[in-house]
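Please look through the structure below before reading on.

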Amino acid sequence: MEHKRLKLYAYLDARDHQRTYLAIMRLFTSTLLADLSAGEVAGALAGQEREGRVEQGESRIENVINRLRQLVEWGNLVQGRREVVAASIAEFQHGSVRYQVSKLAVRVQRDVDELLRVPEGAREVSRELLPAIERGLNELGGSLSVALLNEGDRTKELLAERVTTLFLQHAELAATVRDFYAYLGQVVTRNHLAPEEIAGFRNLLVEYIQRVVEDVLKFTPPIATALAGLTKARAELLRLLGTDLGHNVERARGRTPEDWQELTDWFVDRPGRPSQVTALREATARAIGSLLASVKRATSGGGLLPGRRAELLKLAAWFDSSTREEAHEIYASAFGLYSARHLSPAPEHDSDNERTPWRDGPVCDVTVSVRTRGDRGGRGRPSRILDDPMTEQSLLAEAREADEIRARHVAELTQAAGNLENTTLTHGALEVFCELLTLAMAQRDSPNDSGSASDPVRGLKLEIAHGTTTQIKSAAGTLTLHDATVALKR
């Protein structure tokens, strides 16, 4: 089934007559219930052929019939028949066979046209839909209560209207968020950014993304509360929206439990499955980190050499606008590769010779440094080490603070060594205890064996052996160890 549906995209990447297939599919999807014969399609293609949008000769009836049959084979069109009055057998054959577009093909062509209209820049996030979704959920709760009291046609229609509007708003919001962050991931991971691009992305991240994330985090709690309130009444809601249209009918969004679970998962975290709001917050942090790394590369004196992307794009534009002779001159000037002149007998070659065109010769691997930065220098030289005293002192301060905290926790465990079961440990002391306990238990091959582990700096030692049940109390709860006796020693 999947393979058959994927063939619906075959005309978009056809080896031949791609523009003709695209023009035919646009013709069939431009009107509702399009029912065209090969002659009508040929007449429509004739105008596009005169305008140069399809190749010459593609509007001939025999070519049109072949293209239509190929689209039928791919599943984009379906055949039908109609009674016609014809003056000849050929006219009857051309007019009686009618073609209609399939449902899935309409969706494919609609997505294709929408994709071709999309600009290359970022897509604005529809933040204004967040308060609309919150209001829609609150109003839906009231409409559901009214519908349960009075199950009339008007109340059911109002309930269905609110559900459909709610899911359309969420679909638009989710689509804009995905498109915006896809563009963001495309640009912030580039190795080289021009100064003006860095300034633009800085404003985009610092100002625009901040507003987006703030709005999402602001409206997520009330939306999650409203969704939780509808959870118990979801079965009644789906019953009121239910209509017996058959199993093969594609229902509108919001008519199945899966639709509501997907909406809930977008805003609410579940164990082992973070919500899209959490993913959005993490993606924003990664984007800001990538931008800061790009700024550091561009401004640091000891970082990577600046990329040659801008220069290569400028060179590509020269090639694109030049004639054949000018392109050879630009190529020779840019890369220093001139025509070969054999002033002496050529040496022996392993694979190619002077009669082998370069495109048929062996492939030469281009190093990463040349490919990304245009740097032909030898590799392996030590890079410049930057002296960053502020970062060094900050890391040393963090290390000292972590060492002091661990020393306090070890001292707490040492003090509780004689009366461990009657002492309530702090969260940090419990972490140190669990760390030593894990190392000690790793030495045991069976529950009857004993094991030990110690802190290598402060000498605190934990021993575990087979015995009675041991309970360790802490601020986070009680840790129960069955058939084990634990002792702390200094």
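E58 and R67 are both buried, where buried means under 20% relative accessible area, exposed over 50%, and partly exposed in between (1.4 Å probe, protein chains only). Their side chains meet in a salt bridge, with 2.9 Å from N to O. A salt bridge here is a side-chain nitrogen of Lys or Arg within 4 Å of a carboxyl oxygen of Asp or Glu. The model is a predicted one, in which local features need pLDDT of at least 70 and side-chain atom pairs count only at pLDDT 80 or more, while totals for chains, interfaces and linings use all residues. Residues are numbered from 1 along each chain as its sequence is written, and side-chain values use heavy atoms, with hydrogens and water left out.

How many salt bridges does this rule give? The count comes to 20. One of them joins R98 to D35, with the closest N and O atoms 2.9 Å apart. R98 lies in strand β3 (residues 97–101) and D35 in the loop between α2 (18–29) and β1 (36–37), so this pair ties together parts that are 63 residues apart in sequence. Helices (H or I, at least four residues) and strands (E, at least two) are DSSP runs, numbered from the N terminus. R98 counts as buried because its relative accessibility is 6%.

Another salt bridge links the side chains of E51 and R53, at 2.7 Å from N to O. Is E51 buried or exposed? With a relative accessibility of 54%, E51 counts as exposed. R53, at a relative accessible area of 46%, is partly exposed. Elsewhere, salt bridges that share partners join D35, E40 and R98 into one network.

D259 is buried, with a relative accessible area of 12%. Its side chain makes a polar contact of 3.4 Å with the side chain of R253. A polar contact is a pair of N or O atoms within 3.5 Å; within protein, one must be able to donate a hydrogen and the other to accept it, and residues adjacent in sequence count only if both atoms are side-chain atoms. Leaving aside residues up to four places away in sequence, D259 touches F167, A252, R253 and G254, contact meaning heavy atoms within 4.5 Å.

Last comes helix α14 (residues 324–335). At 1.5 Å a residue, its 12 residues should span 16 Å, and the end C-alpha atoms are 17 Å apart, which agrees. The expected span is 1.5 Å times one less than the number of residues. The buried residues of α14 are A327, I330 and A332. After α14 comes G336, whose phi is positive, near 70°.
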